[in-house]
Amino acid sequence: MNAAQALIPLPVLIPALAAAATLVAGRRPRLQRLITQFALTAVVVVCAALVYLADRDGTLVLHVGGWGQSVPGMGPLGITLVVDRLSALMLVVSAIVLLAVVAYAIGQGIRDGDERQPTSIFLPTYLVLSAGVCTAFLAGDLFNLFVGFEVLLAASFVLLTIGASEDRVRAGISYVLVSMVSSLIFLIGIALVYAATGTLNMAELALRLDDIPSGTRTALFAVLLVAFGIKAAVFPLSTWLPDSYPTAPAPVTAVFAGLLTKVGVYAIIRAHSLLFPGGGLDNVLLVAGLLTMVIGILGAIAQSDIKRLLSFTLVSHIGYMVFGVALANQLGMSGAIYYVAHHIVVQTTLFLVVGLIERQAGASTLQRLGGLAAASPVLAFVFVVPALNLGGIPPFSGFVGKVALLEAGAENGSPLAWILVAGSVVTSLLTLYVVARVWTKAFWRARADAPEGHLAGAAPAVLLDDIEDIEFADRDSVGRMPMGMLAPTGLLIAVGLALTVAAGPIFSYSERAAAEVLDRGQYISAVLGGDER
């Protein structure tokens, strides 16, 4: 094992070991916080190194546990971890987001809504979630991808219900049920794939599935797509998300919105390009992408709570990623990869900003908000930059990603692709309308003009007893935005702007990643050592 290979398991091992250490330090919250921040900083450094190495040297592979690389007639045994340009990019962006969100949570004061119940379990669970996310991106076989999903989902169940309020428990039950159904379908798909091919290693599957009858291949792909579509919140499998995410505290909602659905998108990319190329269900994916975009943004227009509104925009913009994947050309795939990285950062930032709005005004519903631009110009700035980025205003990274997808649709040239191009433009305009509506109501108009403005606290006014909007914060802190919350939000804004300023090099990297994803031979050769039976 060389030095590059030694880095591959670290994004999983570091947070997993840190989670154990923070459990031991449960009675020492300061030490817990120090361990967590150090561990996630180390993960960012390791993932940045993997991006460089994967781009320089190509796909990196590690067979864990000393197993033989392959067994005649069976393919590789044991755990295979794979880092190519796509997985390396997902790892580094996820690591940055995970670090920023935990710093935000620490700055806010990790509470479950009752100061008598300090949530010493939050940081260990958060680290387990981080390990699960990294496991999913590194998995070189379907079963370990399933394990990654289950680890992050088990952790997400705990994070979603911290505080055990009625709304959170209700949302948690719904989330658990949907996730269990998705996991069951995925497990059935794994069983069917193994029965048909005798292996679960993705590189070996890429070869053996070519010998399976086309009808069987399509059926297997359909089962996996349903499982991944639920996890990615692709319409019509997305109705669970807007009811589940908004009830969680702002840091939890932010990391869920930024990362969990993107793990599902990543799985769709792998299944579509590596295991089942050829476009058997491309038209289905295109229709699903269109409906996801349009119905998601129409749902956002109907919302008055900013958290629910952003949850619907999250669903809507998953459609752009599915659009790029389903086009099955290099420009579409590179646009989808770039857009995934952009959306992880921007969507997470916006949910963190909602937490700041709650701290500043005591509410997150538009009926109670107003005058925030005058009350806090800093808050107005940290909202408007990622909001314009989400809307795709040039020259922000959202615009770059959308233009690439539109060009890819035009390059495809099919009638359905042109319908998707039109749907993408309409969705982008409606997204601008949605964020402009939030700006005009929450920031621009006077608080006195808000229908329920008298019910929300205003800095530095005293918060009324009946206000229950604030999450993860003590009520007497309304009107204060700690630097520990502002700094991580500013960091993610800077990362989003970096995706714009360095759009040329980053998009070039996305193009190389797309070419590598679409050329299955590189992945297969790296994993099987040139054995392309």
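**Aromatic pairs.** I ran a search of the whole structure, a predicted model, and got 16 aromatic pairs. For a pair, the ring centres of Phe, Tyr or Trp (its six-membered ring) must lie within 6.5 Å; planes under 30 degrees apart are stacked, over 60 edge-to-face, and the rest tilted. I picked out Tyr175 and Trp240, a tilted pair with 5.7 Å centre to centre and 50 degrees between the planes. This pair links distant parts of the chain, 65 residues apart: Tyr175 sits in helix α7 (residues 166–197), Trp240 in the loop between α9 (214–232) and α10 (241–244). Helices here are DSSP runs of H or I, at least four residues, numbered from the N terminus.

Buried or exposed, I asked of Tyr175? Tyr175 is buried, at 2% relative accessible area, and Trp240 also counts as buried, at 8%. My cut-offs: buried is under 20% relative accessible area, exposed over 50%, partly exposed in between (1.4 Å probe, protein chains only). I also noted a cluster in which ring pairs link Phe143, Phe146, Phe149, Phe186 and Phe228.

**Ground rules.** I number residues from 1 along each chain as its sequence is written. Local features need pLDDT of at least 70 and side-chain atom pairs pLDDT 80 or more, while totals for chains, interfaces and linings use all residues, and side-chain values use heavy atoms, without hydrogens or water.

**Ala233.** I went back to the loop between α9 and α10, where Ala233 lies. Ala233 is buried, with 0% relative accessible area. What does Ala233 touch, not counting residues up to four places away in sequence? I found Ser238, Trp240, Leu241, Thr261, Thr292, Val315 and Ile318, with contact meaning heavy atoms within 4.5 Å.

**Core.** The largest nonpolar core has 184 residues, and Leu142 and Leu145 have the most contacts inside it. Such a core is a set of buried Ala, Val, Leu, Ile, Met, Phe, Trp, Tyr and Cys residues joined through side-chain atoms within 4.5 Å. Helix α14 (residues 330–361) gives the most to this core, 19 residues. Leaving aside neighbours within four places in sequence, I list Leu142's contacts as Phe186, Ile190, Val193, Leu200, Met202, Leu205, Leu224 and Leu275.

**Leu23.** Leu23, in helix α2 (residues 10–24), counts as exposed at 53% relative accessibility.

Key:
Helices (H or I, at least four residues) and strands (E, at least two) are DSSP runs, numbered from the N terminus.
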